[in-house]
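Take a look at the protein below. This short report walks through its fold, its surface and its core.

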Amino acid sequence: MRHWLIAGLLLAGCAPVAAQEVRRVAPEGAPIANSVEVPVGSRLVYVSGTVPEVADPAAPQGSTQRYGDTVTQTRSVLRAIDQRLRAHGLGMGDVVMMRVFLVAPPGQERMDFAGMMTAYREHFGTAAQPNRPARSTMQVAGLVDPGWLVEIEVTAAAH
């Protein structure tokens with residue numbers, strides 16, 4: 001009898017908490033969230049820095065022609081991230097934080113932010129996928145392969 005009483009008390013203290021949704025705060029029409037709140041008990045998935053696939057195998061190694069312009073590279077990276085998330089049963093709508101590293105294309109001083117945003121807007125804040133992550137975007141001097149203009153890492157959250 002005493003064991004049943006102890007078991008009952010333990011189970012009573014472990015009652016499931018109602019699932020809360022990820023909360024995103026963003027100005028109307030903004031492409032990113034100002035902040036994202038992930039409730040306790042959420043499952044987090046961290047996707048390592050992802051780089052573009054080869055777009056033109058005939059182009060010289062280490063050239064941007066091999067991987068494409070910033071739009072092409074960003075599309076490639078986001079497709080790869082989507083595949084990695086799907087391996088965990090998640091999708092782009094579950095991304096809560098994104099870090100984007102951009103290199104200025106050859107002959108330019110500044111990163112192609114507009115090119116990155118073109119591909120980004122195809123995946124986030126759309127009618128089909130309205131969620132937007134918190135995000136940082138920065139220009140870096142270079143990435144491992146001199147032909148890479150884009151590297152992105154994300155954190156996704158779900159119950």
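What percentage of the 159 residues of the protein chain count as buried? The share is 40%. Keep in mind that this is a predicted model.

The protein chain exposes about 9,400 Å². Carbon and sulfur atoms supply 56% of that area.

## The fold

The protein chain has four helices and six strands. Start at the N terminus and read along: the order is α-β-β-β-α-α-β-α-β-β.

How do contacts span the sequence? Take the contacts between residues at least 6 apart in sequence. Of these, 73% join residues at least 24 apart.

## Helix α4

Helix α4 covers residues 113-120. Its buried residues are G115, M116, M117, A119 and Y120.

## The nonpolar core

In soluble globular proteins, nonpolar side chains tend to be buried together. Here, the largest nonpolar core holds 28 residues. Which of them touch the most other members? The answer is I81, L85, M98 and I152. Several elements each supply at least two residues of this core: β3 (43-50), α3, β4, α4 and β6 (150-158).

Now zoom in on I81. Set aside its neighbours within four places in sequence. I81 is then in contact with V47, T50, M92, I152 and V154. One of these partners, I152, is also among the core residues that touch the most other members.

Terms used. Residues are numbered from 1 along each chain as its sequence is written. This is a predicted model: local features need pLDDT of at least 70, side-chain atom pairs count only at pLDDT 80 or more; totals for chains, interfaces and linings use all residues. Side-chain values use heavy atoms; hydrogens and water are left out. Buried means under 20% relative accessible area, exposed over 50%, partly exposed in between (1.4 Å probe, protein chains only). Contact means heavy atoms within 4.5 Å. Accessible areas come from the Shrake-Rupley method with a 1.4 Å probe; for residues, only the protein chains shown count as cover. A nonpolar core is a set of buried Ala, Val, Leu, Ile, Met, Phe, Trp, Tyr and Cys residues joined through side-chain atoms within 4.5 Å.
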